[in-house]
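Please keep the sequence and the 3D view at hand while reading.

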Amino acid sequence: MNLRGFYTLLYKELLRFYKVGFQTLLAPVLTALLYLFVFGHVLEEHVQVFPGVRYTAFLIPGLMMMAVLQNAFANSSSSLIQSKITGNLIFILMTPLSHVEFFLAFVLAAVVRGVVVGAGVYLAALVVIPLPLHSAWVVLAFAVLGSAALATLGIIAGLWADKFDQLAGFQNFIIMPLTFLSGVFYSIHSLPLFWQTLSHFNPFFYMIDGFRYGFFGVSDVSPLRSFTVVLLSFALLSALTLELLRRGYKIRS
Amino acid sequence: MTAAVGRKAALALPPSVNEASFAVAVRGVHKRYRAVHALKGIDLDIRRGEFFGLLGPNGAGKSTLINILAGLARLDAGSVAVLGHDVTRDYRAARRVLGVVPQELVYDPFFSVREVLRLQAGYFGLGHENDAWIEELLQALMLTDKAETNMRSLSGGMKRRVLVAQALVHRPPVVVLDEPTAGVDVELRRSLWQFIQRLHREGHTIVLTTHYLEEAEALCERIAILDRGVVIALDTKQGLLARGMDSVMFTVYTESPILRLPVALENKVKRRQGNELVLQLHRRDDAIADVVDALRAHGAVITDLHTEKPDLEDVFLELTRKDRRP
């Protein structure tokens, strides 16, 4: 393994988003806080999802995980499509880096960005409202695994898209609906049966439900089941991504 | 080598030759892009330490071949090895010994020149022990005072120099330059060539593609001409130039424009403008003295005349044109 090569690519990917931290770290934290302020304020008195848990508190882990997932996706996908479109991806493709090293560096960088943004939302939200922490390990495990899954999805989207609007389409028509319909703002038990059943086919639901369990010790489905689904999703997406990278899909002619 | 035997003989490869003894060994390479058969069985050996030219018209397959070398494209059949390392099976080793200066002016807008070079070295597994070499490159390519400047703020010429530095950052023994002087001003072109010649003197193998044939003529020891996916010539510069020796450009200046040409010369006219007449003559069949006599007999008063040997451009055009004949 070209360890230093892998480390360098990881460092480059971290440096890339760090250099535009205003847009990649601060902006998403602010967006999440705006959601929290508006939805929390409007619905606080009307909705109680888990017994004894205030709606605003219920909302925070959902918003955190949404930020984690969206930013992990955004990191790998935008880095890849930018280097593809500007052409500088060749500087990575001409090196001895293997497709596995490439994959690991991109995924890990995206995980870091996702987790940092999630932590930012958490810290900012703590100022507003106290939040229980049932198990930090569960929180971390779901954050890491969820962002890793979205990072692989980001690589797939970045490889597939030839133009920025195709990537935006992927983000708006796949990622956004799946995150919004996954129980960020509500418990799926409050949905009509049809939508409840449908939600069980959405892996994002398990990511958020398991993550929320880490805070409250309460969830819609068992955290073990959520963990298994998220792990399986990640494994499947990884296998697909690795195969695409090995073949050089749309990057090596 | 004569033109008649040159074509086939130069392409024939001794089967016993070990790929590892060459800087680049290309064997029977085919590449197809859907309907386009970009490379149709390329065989090519580039010797260690050689300054090698890869020429051909647009769409000949030069960039495809370079992309295969660099790992940016995959071959459909055949094999390519750099210093004996197969570019597919042993790609890590092959890429470690190869540096490619791409044709397009591509750069990463997020980083400074020094960051770009350090990152590039890192991908090859090199750390701070390589910093001294990076400094040397910056100095040699006149980039030292721009080291901390973001790539976005550099002029085109500077970006081009960074591309050269990037290709050399891991000290590759084999360097490929794909049209390195396209759109580069005269001064920078000259300094780039001085630098490349220095690398060559220090033992690097240099593979160059260029549209400026005079550059290839001045620098390259051996030249391959590709046309529509086939190597149509592979020879030393002298051998290649000798192929054009069948014809001679004969220029005559007369006191007044020639109104009527001898019939025998009419089909040899290359250009006729005012008092200047350029004829393309056959080296053996046409005697210059006879031509002069014939012109005089038709009333021409010759004030000056000269002949020119065909240059690489003439040979190149001749060969690629010949190749297009049915």
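## Chain B as a whole

Of the 326 residues that make up chain B, 39% count as buried. The model is a predicted one, and in it chain B contains twelve helices and 14 strands, while its C-alpha trace spans about 80 × 50 × 40 Å along the principal axes. Among the contacts in chain B that link residues at least 6 apart in sequence, 70% join residues at least 24 apart.

## Confidence in the prediction

For the model, the scores are ipTM 0.90 and pTM 0.85. Chain B has an average pLDDT of 84, and 91% of its residues score at least 70. Among the elements of this chain, the highest mean pLDDT, 95, belongs to α4(B), whereas helix α1 of chain B, residues 3-11, has the lowest, 39.

Over residues 1-16 of chain B the pLDDT is below 50, and this stretch has 16 contacts in the model beyond near neighbours in sequence. Where pLDDT is low, the predicted coordinates should not be read in detail.

## Where the two chains meet

The contact between the chains draws on 22 residues from chain A and 26 residues from chain B. On the side of chain A that touches chain B, α1 (3-19) and α4 (90-93) of chain A each supply at least two residues, and α1(A) gives the most, with seven residues. Sorted by class, this side of chain A has eight nonpolar, nine polar and five charged residues.

## Helix α1 of chain A

The buried residues of α1(A) are G5(A), F6(A), T8(A), L9(A), K12(A), E13(A), R16(A) and F17(A). Seen down the helix axis, the buried residues of α1(A) fall within an arc of 165°, so they line one face of the helix. An α-helix has 3.6 residues a turn, so residues three or four places apart point the same way.

What do the buried residues of α1(A) pack against? Within chain A their partners are α2 (21-43), α3 (55-86), α4 and α5 (99-128), and these are joined by α4 (113-123) of chain B.

## The pairing of α1(A) with α4(B)

Two packed helices are described by the angle between their axes and the distance between the axes. The axes of α1(A) and α4(B) come within 7 Å and cross at roughly 145°. On the side of α1(A), the contact is made by R4(A), G5(A), T8(A), L9(A) and K12(A), and on the side of α4(B) by L119(B), G122(B) and Y123(B). The residues of this contact divide into three nonpolar, three polar and two charged.

## Helix α4 of chain B

Nine of the eleven residues of α4(B) are buried, so the helix is largely enclosed by the rest of the structure. These buried residues are V113(B), V116(B), L117(B), R118(B), L119(B), Q120(B), A121(B), G122(B) and Y123(B), and they pack against α1 and α4 of chain A together with α5 (131-140) and α6 (156-168) of chain B. Just after α4(B), G125(B) takes a positive phi of about 85°.

R118(B) and L177(B) are 59 residues apart in sequence and, C-alpha to C-alpha, 21 Å apart in space.

Helix α2 of chain B, residues 62-70, is mostly covered, with nine of its nine residues buried. Just after α2(B), G71(B) takes a positive phi of about 85°.

R34(B) is found in the loop between β1 (22-33) and β2 (36-47) of chain B, and it is exposed, with 5 other C-beta atoms within 10 Å. E179(B) is found in the loop between β7 (174-178) and α7 (186-201) of chain B, and this residue is partly exposed, with 19 other C-beta atoms within 10 Å.

Note on methods. Residues numbered from 1 in each chain as written. Chains lettered and ligands numbered in written order. Predicted model: local features only at pLDDT ≥ 70, side-chain atom pairs only at ≥ 80, totals over all residues. Contact = placed C-beta atoms within 7 Å. Helix = DSSP H or I, 4+ residues; strand = E, 2+ residues; numbered from the N terminus. Nonpolar A, V, L, I, M, F, W, Y, C, P; charged D, E, K, R; others polar. Buried ≥ 20, exposed ≤ 12 C-beta atoms within 10 Å, placed from the backbone. Arc of directions from axis to C-beta. Axes fitted to C-alpha atoms, helices over the stretch in contact; angles between N-to-C directions. pLDDT = per-residue confidence, 0-100.
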